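Please go through the pockets and strand pairings of the model shown here, with the cut-offs stated.

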Amino acid sequence: MRDHEGLSFPIDEYERRLRELRERMAERQLDVVMITDPENLLYLTGYQTTGYSYFQALIVPQDEEPFMVSRLLEDSNILPRTWVESTFPYNDTGDAIQTVWHALVENGLADKCIGYEKNSYFFPAYQQDRMQATLYEANLIDCSGLVEEGRIIKSEAEIDAMRKAASATEAAMQAGLAAVAEGVTENDVAAEIHHAMYKAGGEYPAVAPYVTSGPRCLIGHATWEGRTIQANECVFLEIGGCWRRYHTAMMRTAFTGDPPASMLEGEQLVVEALHAMKEHVRPGLTAGELDGIARNILSRNTSGGTLVTRAGYSIGIAFAPSWDEGYILSLKPGENTVLRPNMTFHLIPWLYGIDGDKLVALSDTVRVTERGCESFFGMEPRLYGK
């Protein structure tokens, strides 16, 4: 492993991550793992590129030095950003799977028990089929989730990275809310959000900020489209600030005018639910129990608003198309995973569909501590514009 100033974390952080991965490999009796998920590659090595739609893999033997296979252009990220010393690049007329085979043969690994991430977004079925046919001497086993077992608990170094992301999130949200007014466009608000986010040290996020107004607030995962904000309507903002691919997220709602009683009731219940979730977070509570705390409070709404999603999800490392780690752990009914210290969650006890055309969304990103939780933010969760 190479230690150098281009690494995002001290070398001993990467050594720990690799050591713990190998311990889990041993439990699964895997000789080698082939990691293709972009988030997992970053976690283990620091490698990142926006060109992750091309095949890329970190190959980790149990006893030998890991090596990488990537597109030739993306290979340029390995030396300055990671500790990896050995690479096998392929060019744009080359064959990624054949390159994997040659790399395994050269390292004496082509006939081993090899784990691979079957659920990786960017390792499509046609390439997996070709790998199965090409590596006919190997015993190929799905090891999806093996790296994520380490990622779910953040180290102190990762918590510090998320604090940097939180500074960008909060600056962007403050700027976005300050820009909301009758007569401005959603694009105007989005521009202020982006300017503040990057000035505060934020890097490109996995998902663009969500900025919607009026009836567009109820279009799931929509964002700015140039609409002019009118009087007496909702404006919904959700922002995920990023630093070194680590994210924190925040939802806020504004109203351009005097909010109706239904919105004020929604604000009261959402704030109550968010505070209750944070008061009850502790090691030993299950994810499903935490979801239930929010759901029970929000069910008292009398204006048609409901919690239409999970009540939260794990958050940390992310590339597009999403900033969440909900595929690792979500707060939802029936989820019996127990919370542990240094898990990090975006808590989203929101009310969707108030009066049929409004919402109240106020969220927080928190870290589970030994006795409870702490927020990454200082902003008060409230309805803005009153």
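The questions and answers below take up pockets, a sheet and a hairpin.

Student: What kind of model is this, and from where are residues numbered?
Tutor: This is a predicted model, where local features need pLDDT of at least 70, side-chain atom pairs count only at pLDDT 80 or more, and totals for chains, interfaces and linings use all residues. Side-chain values use heavy atoms, with hydrogens and water left out, and residues are numbered along each chain as its sequence is written, from 1.

Student: Which residues lie nearest the centre of the largest pocket?
Tutor: A pocket is an open set of points on a 1 Å grid over the protein atoms alone, where a 1.4 Å probe fits, with protein on both sides within 12 Å along at least five of seven lines; lining residues have an atom within 4 Å of a point. The volume, the space filled by probe spheres set on the points, joined across faces, edges and corners, is about 440 Å³ for the largest pocket. Its lining has 23 residues, and nearest the centre lie Tyr210, His221, Glu238, Thr309 and Trp350.

Student: How many residues in that lining of the largest pocket are charged?
Tutor: Ala, Val, Leu, Ile, Met, Phe, Trp, Tyr, Cys and Pro count as nonpolar, Asp, Glu, Lys and Arg as charged, and the others, Gly among them, as polar. The lining of the largest pocket holds 14 nonpolar and six polar residues, and the charged ones number three.

Student: Which residues lie nearest the centre of the second largest pocket?
Tutor: The second largest pocket has a volume of about 250 Å³. Its lining contains seven nonpolar, four polar and four charged residues. Of the 15 lining residues, those nearest the centre are Asp37, Glu39, Tyr121, Asp324 and Tyr327.

Student: Which residue in strand 9 is the bridge partner of Cys234?
Tutor: Strand 8 and strand 9 run antiparallel and are joined by 10 bridges. In strand 9, the partner of Cys234 is Phe255.

Student: Which residue in the turn between strand 13 and strand 14 has a positive phi?
Tutor: Strand 13 (residues 351-354) and strand 14 (residues 358-360) run antiparallel, with three bridges between them. Tyr352 stands opposite Leu359 in strand 14. The two strands form a hairpin with three residues between them, and the turn residue with a positive phi, of about 55°, is Asp355.

Methods
Two strands pair if DSSP finds at least two bridges between them. Helices (H or I, at least four residues) and strands (E, at least two) are DSSP runs, numbered from the N terminus.
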